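The sequence and the model are shown first, and the description follows.

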Amino acid sequence: MSKAQTSHRASEKAARIHEHLGGRSIVLIGLMGAGKTSIGRRLAARLDLPFTDADSEIEIAAGKTIPEIFADHGEEHFRQGESKVIERLLNAEQQVLATGGGAYMSAQTRNNVAEHGFCIWLRAELDLLMKRVSRRNNRPLLMNTDPEETMKRLISERHPVYTGADLVIDSRDEPHDVIVGEIIDTLAELAEHG
Ligand code: S3P
């Protein structure tokens with residue numbers, strides 16, 4: 001296939017996906033380290049949609065980093081801000097929205113996502129999550145003596161709730177573009193066959 005044909009196919013696929021979305025945002029959920037931000041950014045570029053990272057928006061709104069919000073005000077305060085910010089974002093323009101790992105545990109957020117979004121759960125195994133989160137020390141929930149045990153607990157608490165997503169994609173140890181390609185193909189397939 002020539003370059004022009006490939007790019008024509010890609011824009012046809014994107015158009016089909018847009019039609020299927022009908023103005024809804026794509027909302028990425030999944031545990032810390034699942035790749036929501038990196039994959040979301042690339043997915044948005046491929047679909048020509050704006051990308052928003054809920055965690056960054058929370059930091060901007062608070063004028064503090066997430067570790068600072070947890071340290072100064074506690075997790076409960078963070079969760080309240082998180083659901084407010086996500087509600088505001090979902091009521092604004094259509095976008096690809098990456099949420100923090102705990103966001104979808106809020107019933108208010110699940111309702112907002114169901115109303116305004118198409119929700120994709122980026123599911124990943126414990127080993128991959130641990131490999132990814134160990135690269136940075138910016139997640140308050142994992143700043144303890146046994147982050148792996150914490151992650152296991154979060155998997156058992158959250159995975160059953162994440163099954164409420166419209167689509168599940170396995171986030172494997174592959175380049176992000178591979179996973180993005182898989183999301184695009186699956187969405188195009190869904191758009192075609194419902
Ligand atoms: C959290 C995940 C983080 C961030 C905060 C709490 C969680 O986002 O919102 O540290 O509860 O899982 P990422 O999933 O983007 O790391």
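Leucine 122 counts as buried, because its relative accessibility is 1%, which falls under the 20% limit for that class. The model in which this residue is described is a predicted one. Leucine 122 belongs to strand 4, which covers residues 117-123. Apart from neighbours within four places in sequence, leucine 122 is in contact with Ile29, Gly30, Ala34, Gly35, Lys36, Ile39, Ile169, Ser171 and Ile183. A further reference point is threonine 186: its C-alpha atom is 13 Å from that of leucine 122, and the two residues are 64 residues apart in sequence.

**Overall architecture**

The protein contains nine helices and five strands. Along the sequence these elements follow the pattern α-β-α-β-α-α-α-β-α-β-α-α-β-α. The C-alpha atoms fill a box of roughly 55 × 35 × 30 Å along the principal axes. The radius of gyration is 17 Å, which agrees with the value near 16 Å that a compact globule of 194 residues would have. Of the 194 residues, 43% count as buried. The protein exposes about 10000 Å², and carbon and sulfur atoms supply 48% of this area. Among contacts between residues at least 6 apart in sequence, 74% join residues at least 24 apart.

In soluble globular proteins, nonpolar side chains tend to be buried together. In this model the largest nonpolar core has 55 residues, and those with the most contacts inside it are Ile26, Ile29, Leu43, Leu47, Ile120, Met151 and Ile183. Helix 9 (residues 176-193) contributes the largest share of this core, with six residues. Isoleucine 29, one of the residues with the most contacts in the core, touches Lys36, Thr99, Tyr104, Cys119, Ile120, Trp121, Leu122, Tyr162 and Ala165, with residues up to four places away in sequence not counted.

Helix 7 (residues 126-133) is mostly covered, as six of its eight residues are buried. These buried residues are Leu126, Leu128, Leu129, Met130, Arg132 and Val133. They pack against helix 8 (147-162) and helix 9.

Isoleucine 58 is found in helix 3 (residues 54-62). With a relative accessibility of 5%, isoleucine 58 counts as buried. When residues up to four places away in sequence are set aside, isoleucine 58 touches Ile69, Phe78, Glu82 and Val85. The C-alpha atoms of isoleucine 58 and serine 83 are 9.5 Å apart, while the two residues are 25 residues apart in sequence.

Alanine 15 lies in helix 1 (residues 3-21). Its relative accessibility of 45% places alanine 15 in the partly exposed class. The C-alpha atom of alanine 15 is separated by 9.8 Å from that of alanine 191, although 176 residues along the chain lie between these two positions as their separation.

Aspartate 48 is placed in the loop between helix 2 (36-47) and strand 2 (51-53). Aspartate 48 is exposed, because its relative accessible area is 71%, which is over the 50% limit. The backbone of aspartate 48 has a positive phi of about 55°, although this residue is not a glycine.

**The ligand site**

The ligand is surrounded by 13 residues, of which the closest are Lys36, Asp55, Arg79, Arg139 and Arg158.

| Residue | Protein atom | Distance to a ligand oxygen atom |
|---|---|---|
| Lysine 36 | N or O atom in the side chain | 2.6 Å |
| Arginine 79 | N or O atom in the side chain | 2.7 Å |
| Glycine 102 | polar backbone atom | 3.4 Å |

Taken alone, the ligand exposes 390 Å², and the protein buries 95% of that area.

Lysine 36 links this site to the parts described above. This residue is among the closest to the ligand, and lysine 36 is also touched by isoleucine 29 and in contact with leucine 122.

Key: Residues are numbered from 1 along each chain as its sequence is written. This is a predicted model: local features need pLDDT of at least 70, side-chain atom pairs count only at pLDDT 80 or more; totals for chains, interfaces and linings use all residues. Side-chain values use heavy atoms; hydrogens and water are left out. A nonpolar core is a set of buried Ala, Val, Leu, Ile, Met, Phe, Trp, Tyr and Cys residues joined through side-chain atoms within 4.5 Å. Buried means under 20% relative accessible area, exposed over 50%, partly exposed in between (1.4 Å probe, protein chains only). Helices (H or I, at least four residues) and strands (E, at least two) are DSSP runs, numbered from the N terminus. Contact means heavy atoms within 4.5 Å. A residue is near a molecule or strand if one of its heavy atoms lies within 4 Å of it. A polar contact is a pair of N or O atoms within 3.5 Å; within protein, one must be able to donate a hydrogen and the other to accept it, and residues adjacent in sequence count only if both atoms are side-chain atoms. Accessible areas come from the Shrake-Rupley method with a 1.4 Å probe; for residues, only the protein chains shown count as cover. The radius of gyration is taken over C-alpha atoms; the globule rule is 2.2 Å times the number of residues to the power 0.38.
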